[in-house]
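Please look over this model with me before we discuss it. My notes follow as numbered points.

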Amino acid sequence: MTRYARLYAYFLRFSFSRAMEFRLDFFFRIFMDALWYGVNLAFFWVLYRHSGLLGGWNFDQTLIFAAGVFVADGFHMTVFANNMWMFPILVNKGDLDYYLVRPVSSLFFISLRDFAANSFLNLLMALGVLAWALIRYPEPVGLDRIAIYLALMGVGFFINYTIHLLFLVPVFWMHSGEGLRDIFFTLGSYSNRPDGIYRGWIRRFLTTILPFAIMVSFPTRVLFGGNVGEILLHMGIVAAVAFGVLLLFWRLGLRAYGSASS
Amino acid sequence: MTPRLFLRIAGVEARRRMSYRADFWLNLVVGFAAKFGLLYFVWTAMFRESGAATMGGYTLDSMLVYYVAVLLVSQIIIGAGFESEVATDIYEGGLNRYLVFPTSYFWFKYAQRVGMLLPVVLQFFVFGGLFVLFSDATISLSGLVMCVVAIAVGHLLFFTMSFPLQNVAFWADNVWSLQVALRLTTSLLGGLMFPVTLFPDWLQAVNAWLPFHVLFGVPAEVLVGKIGFAEWLPAVALGIAWIIAVGLLDRVVWRRGNLQYSGIGI
């Protein structure tokens, strides 16, 4: 475990020094994410001009939810996104070999190798928006609820990472992973809307099989009096099953991997 | 550039685009269904929870018809997979070969972009046709013609707006973020996220003079019969005026950027 922590510290150091080589891109990314936050807030602002509730939540509650979406996105962009982007390229070019011969878990190395230092600033900005949304919320929210919320958000980050990689693993068998990658991003937008809007079998599907609807919505429910035990159990089971399926497909994929000919 | 050369470049690009069939069909079916599904849930919840019969002049049904139209239109206007090609040419030095071609780089790239349209135009007619067949929506011939003209203007305008942003690659290492910023802004103000009639009046008044509405909103609104010839004509004229204005900016940025270009990549 210490070895992995030390290795990750090297990843961080290397990523920060590399990010500073591309300074304009560094600021462009910050600008882009800030704009994304603004556009999302504007989206909800316009919707709430026409309805008092959306998915059972009022504007103040949705603001906290939206801030949670920014934090989740910021975390994913910072820790995983660059690595997920590179993974299909590594497989197709045969460069995965470099990762497989290392004396550490290939999944760890591929998932965490590149830390996006520029997105890290956006993560801090997103945390600021979340703090602002929580402070301006008119009802009292206990510190215990906030602590559980943050812990569950962590589970949501993990589920998001797992599902993202599950969408990319088929690249071991397919020549191009672009189609599935694009579909992940399209389906990912289901996690950017309150889960209360989904009804019927789609709701069951989005909270179990493809659990986009639980990543941010379920932790947010805890802040507004949701049943902690039920939500914790649900997210825990989904995270464990999704990771189990990922490990299974990862091993099958590595077996199918034929170096440069993949 | 001669029309013949333009069509040849477009044809080569169209064949290249159709060669990735698995990705194409995955995006065609799942991508569209997923995007429309999300909008369906948002708007059914909005109408259910507000109890309103109309919003911004749309009933729930007409809102859903609008979204089918605007999603299909946006696939054509934005296209796919082109955002970084100009920037990549500059960044990797691939621009060299285009500079010695006896034709305009801008129009060469635009011809390629037109060639990329084949898959999405197919999508437009497959899903548009199916939707008209299985819903109460009616599309008039005049509406379809005005829509196609608005799409043509919007398509060139989007490319013209995207071009100077990509040319920033003459000075910067990565301009992907700027392309995403363009997409975000145009989606919000162009009517892709929701009809622009949902904006407050003051924002609608400002937005009427900006280049965004003609990109997505105008083609979709004219197709579903929300606006007629009287509203369509000034909107399209404004779009053309913006193409000229932004086109002039393109020339300035392109010329200044060329002075920076070393030809060996950055």
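**Notes on the predicted model**

1. Confidence in chain B. Helix H1 (residues 3-18) of chain B has the lowest confidence in that chain, with a mean of 75, and helix H10 (residues 201-207) of chain B the highest, at 96. The score is pLDDT, the predictor's confidence in each residue, from 0 to 100. Helices here are DSSP runs (H or I, at least four residues), numbered from the N terminus. Chain B as a whole has a mean pLDDT of 87, and 94% of its residues reach 70 or more. Where pLDDT is low, the predicted coordinates should not be read in detail.

2. Ground rules. This is a predicted model, in which local features need pLDDT of at least 70, side-chain atom pairs count only at pLDDT 80 or more, and totals for chains, interfaces and linings use all residues. Residues are numbered from 1 along each chain as its sequence is written, chains are lettered from A and ligands numbered from 1 in the order in which they are written, and side-chain values use heavy atoms, with hydrogens and water left out.

3. B:Ala205 sits in helix H10 of chain B. Its relative accessibility is 47%, so B:Ala205 counts as partly exposed; the scale runs from buried (under 20% relative accessible area) through partly exposed to exposed (over 50%), with a 1.4 Å probe and protein chains only. From B:Ala205 to B:Gly11 the C-alpha separation is 41 Å, and the two are 194 residues apart along the chain.

4. The interface. How much area is buried between chain A and chain B? About 3,500 Å², with carbon and sulfur atoms giving 74%. Buried area means the accessible area (1.4 Å probe) that two parts lose on being put together, summed over both. On the chain A side, A:Phe28, A:Met32 and A:His50 lose the most area to chain B, together 16% of what that side buries. Chain A brings 41 residues to the contact and chain B brings 41 residues, contact being heavy atoms within 4.5 Å.

5. Polar terms across the interface. Between chain A and chain B there are zero salt bridges. A salt bridge needs a side-chain nitrogen of Lys or Arg within 4 Å of a carboxyl oxygen of Asp or Glu. Six residue pairs are in polar contact between the two chains, both residues at pLDDT 80 or more. A polar contact is a pair of N or O atoms within 3.5 Å; within protein, one must be able to donate a hydrogen and the other to accept it, and residues adjacent in sequence count only if both atoms are side-chain atoms. Helix H2 (23-47) and H8 of chain A each supply at least two residues of the chain A side that touches chain B. H2(A) gives the largest share of that side, 15 residues.

6. A:Leu187. This residue is in helix H8 (residues 178-188) of chain A. A:Leu187 is buried, at a relative accessible area of 12%. Leaving out residues up to four places away in sequence, A:Leu187 touches A:Phe167, A:Leu210, A:Phe212 and B:Ala34. A:Phe212 is 25 residues from A:Leu187 in sequence, and their C-alpha atoms are 7.4 Å apart.

7. Salt bridges within the chains. A:Asp195, A:Arg203 and A:Arg221 form a linked network. A:Asp195 meets A:Arg203 at 2.7 Å, N to O, and A:Arg221 at 3.0 Å, N to O. The second pair links distant parts of the chain: A:Arg221 is in helix H10 of chain A and A:Asp195 in the loop between H8 and H9 of chain A, 26 residues apart. A:Asp195 is buried, with a relative accessible area of 0%. A:Arg203 is partly exposed at 27%, and A:Arg221 is partly exposed at 25%.

8. Helix H11 of chain A. This helix (residues 228-256) has 29 residues and reaches 42 Å from its first C-alpha to its last, close to the 42 Å expected at 1.5 Å a residue. The expected span is 1.5 Å times one less than the number of residues. A:Asn227 caps the N-terminal end of H11(A), with a side-chain oxygen 3.1 Å from the backbone nitrogen of A:Gly229. Buried residues of H11(A) include A:Ile231, A:Met235 and A:Trp250. Their cover includes helix H3 (59-93) and helix H7 (143-168) of chain A.
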